[in-house]
Amino acid sequence: MTEGRGYQRMKAQSSLKDILAVATEFERTARDFYADLAPKVSKQIRYLVEELAEEEQRHFDLFTQLQSRADIEEMLQEQVDTPASDGRFSDCIHLPELGDKPDDQAVLQYALGREHAAMEQYHSLAESTAPGPIHDLFKFLAAEETQHKAELEKIYYEVVHSGGV
Amino acid sequence: METLYARLKEPFGLTDWVLQKPDLCFVTVAREQLRPLLLHLRDLEGFTHLVLLTAVDWIEEDRFQLTYLLHDRAKARDIGVRLMLPREDASMDSIHELWPTAATYQRELREMFGIDFPGSPRVNEDFILEGWADLPPYRRDFDTLQYAHEAYAERAGRETRDPARHMKEQLYPDGGQDD
Amino acid sequence: MSVRDLLSPFTAWKNLFREPVSIKDPFNRPASERYRGFHKNDSEKCIGCGTCEAICQNGAIDMLPADGVATQPGDSGLRPRIDYGRCCWCALCVDVCMTGSLTMSNEYKWVEADPDKFRFMPGVDKKHWDDYEDGYRRPDGHRLNAPERIDMPELAPAQRIDSFVEMVTGYTVEQAQLEADRCVTCGICVATCPTHMAIPDYIRAIRDGDYERGLKLLYDSNPFSQICGKVCTRRCETTCAASHEGDPIAIRWLKRHITEQVPHERYREIIGAPGPATGRKIAIVGAGPAGMTAAFDLARAGHQVTVYESESHAGGMTRYGIPEYRLPSDTIQREIDLIVSMGVEMHYNTRVGTDISMQQLQQDNDAVILAIGLWMGRSTRIPGSDHANVFKAVDLLRRIRDGEAIEAPKSLVVIGGGNVAMDIARSMARLQKQQHGEIAVTLTALEDKAHFLADPVEIKESIEEQIHILDSRGPQECVIGDQGGLVGLRTWKVLSIFDEQHRFAPSYDENDEQLHKGEWVIEAIGQMSDVSLLGEELTEQLEWNRGRLQVDDDGRTSESWLWAAGDCVKGPDVVTAVATGHKVAASIEAVFAQQEAQT
Amino acid sequence: MTEYSNRSQYPQARADGSLDIDLTSGKYLKLWQGPNHPGITGNMSVELTVCGDEVVEGKTHVGYLHRGFEKLMERRTFIQCFPIVCRICVPEPDFNEYCYAAAVEELAGIEVPEKADWIRTLILEMGRINSYLMYLGGQAGAFGLGVIGQWTTYARDLMLDRFEELTGARIYHMFIMPGGVRDDLPEGFDQRMEETLQEIESTLQDVYDTMFRNAVFKKRAVGLGYVDPAWVDEYGITGPVARGAGVAKDVRRDQPYLVYDRLDFEPVIATESDTYARADVRRRDLLMSVDLIRQILARMPRQGEVMATLPNVLHWKIPRGETYVRGECSRGEYGYYLVTDGSGYPRRVNVRGPSYTHAMTLLEKLIVNVNISNVAGLMVSLHTYPPEIER
C-alpha cells in the first residue's frame, strides 16, 4: 500500500483532529482514484467504480463532519463498541495490478485489498495506543473500514461466486 | 358357487358370471328366464331369502340393470341376478307372488327409476315422494344439484376464490412472465 | 300371570333414595380430548391451498382473502371461512389439510342471536377456543394422501458411471398416474413458475389420460417443455402444497411424462401452425432457451425471425452447459426442430460482432433481441489459477458436449458448489472411468452442505458417483510443482460464510489447511456475459444495471430497437430464460401493435 | 291368539278375497297414526282403517325424512360419501359406516389392518347396545311404562360418553372410514368401558324386574304381533324378529365378518314369536353384546396400525364392479350394495335396512285385527327406523 507511510505519519499525531485530518486525506485520495478510474472502465461495470467513489466520498464527508464536532469524544465512545470482524477473505488479499482496462472482479479485488489493509492498519494503530480518545478514534476508523469491506465482500460473492446453472 | 353356475349356466342361459368373493357371485339372465331361475334358486337351491331388489342406471348404454339379490342361509352364500332392461318405457314382470316384500321394492323402483311392474300391488301409489312431477329422481339424468339450485335459496354472502387465480390477480395480474 | 309379576315392578321405588344421575352443571362439561368441535386454524402455517374446501362434501368452506395475510409465493393469501350452517364436523378438512394448520377444538357450545356469526374464519377471526389444547387433530399416521412421491426410475450408479447415456428413464403410465393423483390441484405452484405453466391442469390431463391436451397446455406456456421436463430447476416444487408434510409433487417428471407419451410427429399439429405473415422482421442473437422462445412466439405470430448463433447447434446452455446424461442431444434437437418448423431462419456458426455487426442487425430488422447467455466462466484468480491445467467448467462442458476428445487427468479438483460444479465433476468422473477405470474427483465448495447452491438431488447423485465432496473449503492457491505441473489445490477451512444477517462475510481457519491432489483444477464458480459483441459505441449508449444490461419490465433496453432476454438479463435458469423470452416477444408484439395503430 | 278370537265380523271378505270396506257405511273410520314421532318408530305414519277399536287394514307411509342419500352419494367422491352415510340411521349409525367402508375396500382392493377390524367390531357392539337401550325404553313406553325409558336413556348416555372419547362425537361418529378407523383407543378406555358395562348391566336388571316381570307389560305384549316362522323367508324377516320366531338367523354367526369368528357367542333365540319374546331376545342380545365387548377388549391386539394407506382421496377412482356387504345390526340384516364404474364416484349405492321389509309388508300384515291401543307397541316390537326405508 502506497499509503503505508501515511499510517506511520498518523501514529505520530497526538490530537484527534489531526488524526482525523490525515484519515480524511486518505479517503479523498481514494475517492479521486476511483473517480479517475470510472470513465476508463467499460460502462458495463462503471457502476462499481462509481459506487466505490461514492463510498469513499461518504467516508470523506463523515470524517470532515467529525473534525468539526465539539463532542467528538462522546461521539466516539458510542461508536467504538461496534465489533469488527477481522476475518480475511483470501481471494482479495492478492492485489492485482489494475491495468488500463480492469474488469469488475479486478476492481473489486483491488478495493477489497485496500479496505482490508486500511482495516488492519487502524486495528494495529488502535492496539498500539493506550485506552483513551485516540485509541477510540482508531477503533472507530477500523470499524468503518470493516463495515465497508463487508459490503464489498457481499458484492464480490454475488458477482464472482454465485450463479451456477 | 362354481358348480352352481356350471349347473345353471346352460338351462337358464346365464352370462357375465363374476365371483365377487367366495360367498357372493353375480350372473346376468335374460328376461324370459328370470322367473324360472328365481323359482329354481328359491325352491331347489336354497336361496330362500330375497335380500334386495334394486336398479342401476347405465344411461350411457341406454339400459337399466335390475339386481335381484338372493341369500342361501344354509350354505351362507348369495347370488346377485342381473337383468338388463332397455331404458325406454322400462317395464318388467312382477315377482311379488314369489316374495310379497318384492312389491315394496317394485313400488320404489317405479317411483325412483320409472320402471314399471304391471300387476304389482299398489305399484303406482306414491311411496316416498309425494306429488312428484319431475323425472324419476334416481335416474342418472336427474341432476340433484340443479334441482337444489332451483328448489332452494342459497344463503346470502357466500363467495369463494380459486387460489391460483387469486395469486395471479395479486402477483402478476397482466399474466406477466417470470418472477 | 303370577304374583311375582305384580310385585316385581315395585322394585323401581328403590330409586327414590338414589342420587340423581343427571349432570349438575351441563353448561361447563368439557368435551372429550379428541372431540370434533369448532375449528382452529394456524394462520401462519396455513398456505391457503383450499384442499379443505375441495374435500368438504357439504360445501361449507369458502376461501377468501384475510386481513393481515399477504399473497406471496407459496401462500395464496386466502384462508378458509367455514359456514357452520353447513358443516357436519366430519373433520375431513382436518384430515386432508396439507400443512396440518387446520385442527378442531373440543368446544361445542356457542350461543349467538345472529346466525351470520356462525360463519367465520378460524384463526383469523379470533375465538375463545383458539388456544384450547384439546380437540381433534389428525392422528399420527392418519393420512388421506400419500406423502411420498413415486420414485423416478433411473440407472444405478454402477450402470451409469462409465457412460453419458441418460440416467433417468421416465415414469410408466401407472407411476405417473399415481404421482398425478398426489396433486391436490391447488395451483399455488403456478405463481412460482417463472413462465406460469398451467401445472394443475396438465397434471389433471395425466389423470384423465388425455396426453394431447396435456401437451397443448405445456406448449401454451413453454416451448422448451421437453427440455424443462428433464432439467428444469423446478422452483414450482418448492412451493408445492404437498411439500409441507411430505415430498412435493414431481412436477418436472410429470411434465416429462406428458412429452414422452405423445408421439413426436403429433406435436406440431397439437401445438398449431403459425399465423399469416406480417412482413415484420426480427433478429435474435443467441439460440438458447430465451432466444428460441422469443423466436417461437414471434414466428407463430407471423413475423420473419432470424436467429444468429455462434455455435454449430442451437440450444444454448441447455446443449453446451448441461451434460448429455442429464439432457440428451436428441431431446434438444427435437425441441429446436419444432421451433424452427414454425418458420424461424437459423444462422449457425455466426458470431455477431465479428461476422455481422449489431448495427447491421438494427438496420435490417424491426427489432433485435439479445439473448447471449452467461458463457464466460469466472475465475477465483488465486495464485496459480492462470496455469494451463486450470480450466473453467463452462468451457470444458462445452468441449465435451461438442464431441471433442478430452483426455481426462487421473485426478482433478473442482472449485464450486453449484449445479455447474456437479455437472463438470460428474462428466469428468465418467471420462476418468472410461479412460482409466478409476475416479478421482475432489469437489471443494466455500459453502457448507446446507447452503450448497446445487440441487440436493445433484449432490446425492454426485456422491453416488464417487465424487469426493468437501464443503466449507476456501481456495487459496493452485499449487504448481517443481516440474511446472499442477499438483493440486490448497484450501483453508471456512469457519462461517454468512454473518447473522445472512450476508456473505467469510471467516477462515488458516490452521486448517489442506492440499487436494489434482493434475487439473476446474473452476466452476460464477459466470458472466460476453458483451464485447455490442462494441464500444453501443455499450456506451446503453444503460446498465449492476453489470447487466438494464431492461424495463418488458425486457426492453434503453435503446428502443433492442430487447434482451435470458441469462444475460436474469438467471442463470432455463425456465426463467423461457419466461423472459415470452416477455420480450410480447413486448415486441405490443410495440408493433402500437405502431400499427399509429399508421 | 285367544285375545283376538272375538274379533269383529267386519269387514267381510268379498268373493275374490279382498275386504269390503265402505267408508260411507259408518262402520269404518280412517285414522292416522303419525307422521309425528310416535315414540321410537321415527317419522312414519300408519294409515289405519278401524272398525270400532280394531284395525282392519293398515298402510305404512314413509318419506317424511327422505334425503336421497343414495343419489347424493353418486355426486360425492368415495371419501366424501363417508361422512353422510351415518345419517341414514340415527340410533345405530355405525353400520352404515362399516358397510360402506367394507364395500369400498372390497372393490378398491384395500387391506384393512387387523386392529382396525377389532375396533370396528367394538364400535358395532357399542352401537348395538345403544340401539337396544333406546328400543327398550320405546317398547316399555308404548305400553305406558315411562320410567324404563329414563333409565335406558341414562345408560345409553354413559355409552355415548365412551363413543365421544373414542370417536370424537356422540351420535354421528364418523370414525369407521374406508381404510380402517380414525384412531386408536384412548388411554384408560378399557377401565371406563368396564364401569359403563357394569352400570348397563345394573340398569338392565332393573329393567328386567320392572318391565319383563311386570304383569301390565306381559298382559299387553304376550301374544301381540305373532310372526309365523314360515314367514321369515317370505317376508325377508331378519334379526330379533326372526330370532324371536325361533329362527337362529344372525349374520355374525352365519357369515362371520370382522372378528366375529374369533369371539364366543351363540345367537339368542326365543320361540313364542310375539312382542314379549322379541323384547326378551333383544334384552338378552344386549347382555351378549356386553359380553362381546369384554371379549374384544380382552383379545384385541394392542399394537399396530388402525388405518391402511389410501390412494390420494381427492382423485380416488375404483374400477368397475359391484358387491354386497352385510352385517347384523340390532334390527337385523343391514347391507350395502355398491356399484362402481371406474370413476371417482359410486355408480349406485343401495342401502338395505331391515326396516324396509319389517315396517312395510310385515307390519301391514301384522297390524290387521290389532286393537288401536296396541298399534304403537306392535310397531315398536318390529324395531323399525324409517330413514333406512326412505333413505
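Chain A has a mean pLDDT of 72, with 73% of its residues at 70 or more. Where pLDDT is low, predicted coordinates should not be read in detail.

Chain B contains five helices and five strands, which follow the pattern α-β-β-α-β-β-β-α-α-α along the sequence. The radius of gyration of chain B is 24 Å, whereas the globule rule gives 16 Å for 179 residues; chain B is therefore more spread out than a compact globule. Its C-alpha atoms fill a box of roughly 75 × 45 × 30 Å along the principal axes. Of the 179 residues in chain B, 38% are buried.

Chain C is divided into domain 1 (31–120), domain 2 (160–270), domain 3 (281–376 + 551–598) and domain 4 (378–525). The C-alpha centres of domains 2 and 3 of chain C lie 24 Å apart, and 21 residues of domain 2 are in contact with 26 residues of domain 3. On the side of domain 2 of chain C that touches domain 3 of chain C, helix H9 (225–231) and helix H12 (264–271) of chain C each supply at least two residues. H9(C) gives the most to this side, with five residues. By class, this side of domain 2 has 12 nonpolar, five polar and four charged residues.

Conventions
Residues are numbered from 1 along each chain as its sequence is written. Chains are lettered from A and ligands numbered from 1 in the order in which they are written. This is a predicted model: local features need pLDDT of at least 70, side-chain atom pairs count only at pLDDT 80 or more; totals for chains, interfaces and linings use all residues. pLDDT is the predictor's confidence in each residue, from 0 to 100. Domain bounds come from an automatic or database domain assignment. Two residues are in contact if their C-beta atoms, placed from the backbone, lie within 7 Å. Helices (H or I, at least four residues) and strands (E, at least two) are DSSP runs, numbered from the N terminus. Ala, Val, Leu, Ile, Met, Phe, Trp, Tyr, Cys and Pro count as nonpolar, Asp, Glu, Lys and Arg as charged, and the others, Gly among them, as polar. The radius of gyration is taken over C-alpha atoms; the globule rule is 2.2 Å times the number of residues to the power 0.38. A residue is buried if 20 or more other C-beta atoms lie within 10 Å of its own, exposed if 12 or fewer, and partly exposed in between; C-beta atoms are placed from the backbone.
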